[in-house]
Amino acid sequence: MNVSLTLAGWRKPARTNFHGILVSVVVAVAAISLAEHYRISSMLFALLLGMALNFLSTEGRCVPGIRFSASTLLRIGVALLGVRITFGQITALGAMPVAMAVLSVALTICFGAGLARLMGYRSRFGVLTGGAVGICGASAAMAIAAVIPVQADDKLKERATIFTVIGVSTLSTLAMVLYPMITSLLGLDSQEAGVFLGGTIHDVAQVVGAGYGMSKETGDIATIVKLLRVAMLLPVILVITLSYRKHHVAGPGSTPKPPLLPWFVMAFAVIVVINSVGLIPAALQQALQTLSTWLLVVSMAAIGMKSHLKDLATVGLKPIVLMVIETAFLAIIVAMFLVLAH
């Protein structure tokens, strides 16, 4: 009887969410197919295709599943990013790339928060854009947005997340094309070029494309350096969570105090540890990486369906300038590390 009650308890939410999840998956399939053909971020395609179907999120059977995909599936996808990282990869590169990853991410986020305030925005918008630029593009933007609480007077979080995803995906694609040419003009060798590309380009896929487009050695180094930045996602989310808990003020209309450790952050940390000790077979590791990518693209499609293009029209030029300056700031920091390493 208990078993039947348990099954019944799962059956209802499964039925409720099915249609919204299904349409999100269909959009994700189309986005990934287009991304493979045009070599542009699948998340960007998913977001834009989702926006074209935003009427599905206003009423009808798809609404609960779209919300589920934009929240729960997003968090599962972020947790599974842990299968990309091991402690061995981090220590194999030595002290300089690790120090560069830690400092460049921290400085970019702090710089973004300060610059956002100077430009008239909340500092949390600068944390969101700086984290996306400094860590791993759209994936970081979605993970950080998931732990930034929404206040009663703050209705722009979703719009800010969407803009950040579009901006960071576009900048990452441009960097994939321009940065290899810059490394050639600067006369960087294969190792230096790998460190620069891995330390500056936003999304993992674009790092891989730029690095291996130059040489295998450059691609290998760029990918590992990039994964060091991805590993910074865990401490950054922890710091953000603790910061908002510290400054949280309870009151009418405010969100509940965020948990000390969100469950998907704990899952991310556990997966990194398990992966580091070699308990995840290579085939399963590859499968989980693929699953993580799919879940993030599905959730991005759902976020797009919850959004409206007319909302983005009100963003203006200043946020674009903010992200471009953050991108340039990150590139300057990495270039300084390369100069100091000589």
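**Helix packing and buried residues**

Reader: Which helix is leucine 242 in, and how are helices assigned here?

Author: Leucine 242 sits in helix 12, which covers residues 233–246; helices (H or I, at least four residues) and strands (E, at least two) are DSSP runs, numbered from the N terminus. This is a predicted model, in which local features need pLDDT of at least 70 and side-chain atom pairs count only at pLDDT 80 or more, while totals for chains, interfaces and linings use all residues. Residues are numbered from 1 along each chain as its sequence is written, and side-chain values use heavy atoms, with hydrogens and water left out.

Reader: Is leucine 242 buried, exposed or partly exposed?

Author: With a relative accessibility of 44%, leucine 242 counts as partly exposed, where buried means under 20% relative accessible area, exposed over 50%, and partly exposed in between (1.4 Å probe, protein chains only).

Reader: And how far is its C-alpha from that of valine 147?

Author: The two C-alpha atoms, of leucine 242 and valine 147, are separated by 10.0 Å, although the residues are 95 apart along the chain.

Reader: Zooming out, how many helices and strands are there?

Author: The protein has 16 helices and zero strands, and buried residues account for 49% of its 342 residues. Of the contacts between residues at least 6 apart in sequence, 79% join residues at least 24 apart, a contact being heavy atoms within 4.5 Å.

Reader: Let's do packing, then. What angle do helix 6 and helix 7 make?

Author: Two packed helices are described by the angle between their axes and the distance between the axes. Here the axes of helix 6 (residues 123–136) and helix 7 (residues 138–147) cross at roughly 140° and come within 7 Å; axes are lines fitted to C-alpha atoms, for helices over the stretch in contact, and angles run from 0 to 180 degrees between N-to-C directions. Helix 6 and helix 7 are therefore oblique to each other, since angles under 35 degrees count as roughly parallel, over 145 as roughly antiparallel, 65 to 115 as roughly perpendicular and the rest as oblique.

Reader: Which residues make that contact?

Author: Helix 6 contributes Val127, Leu128, Gly131, Ala132, Ile135 and Cys136, and helix 7 contributes Ala138, Ser139, Ala140, Ala141, Ile144 and Ala145. By class, the contact of helix 6 with helix 7 has ten nonpolar, two polar and no charged residues, where Ala, Val, Leu, Ile, Met, Phe, Trp, Tyr, Cys and Pro count as nonpolar, Asp, Glu, Lys and Arg as charged, and the others, Gly among them, as polar.

Reader: What about helix 6 against helix 8, at what angle do they pack?

Author: Helix 6 and helix 8 pack at about 30° with their axes 10 Å apart, and that makes helix 6 roughly parallel to helix 8. The contact involves Phe125, Leu128, Thr129, Ala132 and Val133 of helix 6, together with Ala160, Thr161, Phe163, Thr164 and Val168 of helix 8.

Reader: And helix 16, how far is its axis from that of helix 6?

Author: The axes of helix 6 and helix 16 (residues 318–341) are 10 Å apart, and the two helices pack at an angle of about 45°, which makes helix 6 oblique to helix 16. Among the residues in this contact are Gly134 of helix 6 and Glu326 of helix 16, and by class the contact of helix 6 with helix 16 has six nonpolar, five polar and one charged.

Reader: Back to that glycine. Is glycine 134 buried or exposed, and what does it touch?

Author: Glycine 134, in helix 6, has 0% relative accessibility and so counts as buried. Leaving out residues up to four places away in sequence, glycine 134 touches Val105, Thr108, Arg229 and Leu330.

Reader: Changing topic: how many residues does helix 5 have, and how far does it reach?

Author: Helix 5 (residues 95–118) has 24 residues and reaches 34 Å from its first C-alpha to its last, close to the 34 Å expected, the expected span being 1.5 Å times one less than the number of residues. Its buried residues include Val105 and Thr108, and helix 5 is followed by glycine 120, whose phi is positive, near 95°.

Reader: Last one: where is asparagine 275, and what does it touch?

Author: Asparagine 275 is found in helix 13 (residues 263–276) and is buried, with a relative accessible area of 6%. Not counting residues up to four places away in sequence, asparagine 275 touches Gly82, Val83, Arg84, Ile85, Thr86, Ile280 and Gln285.
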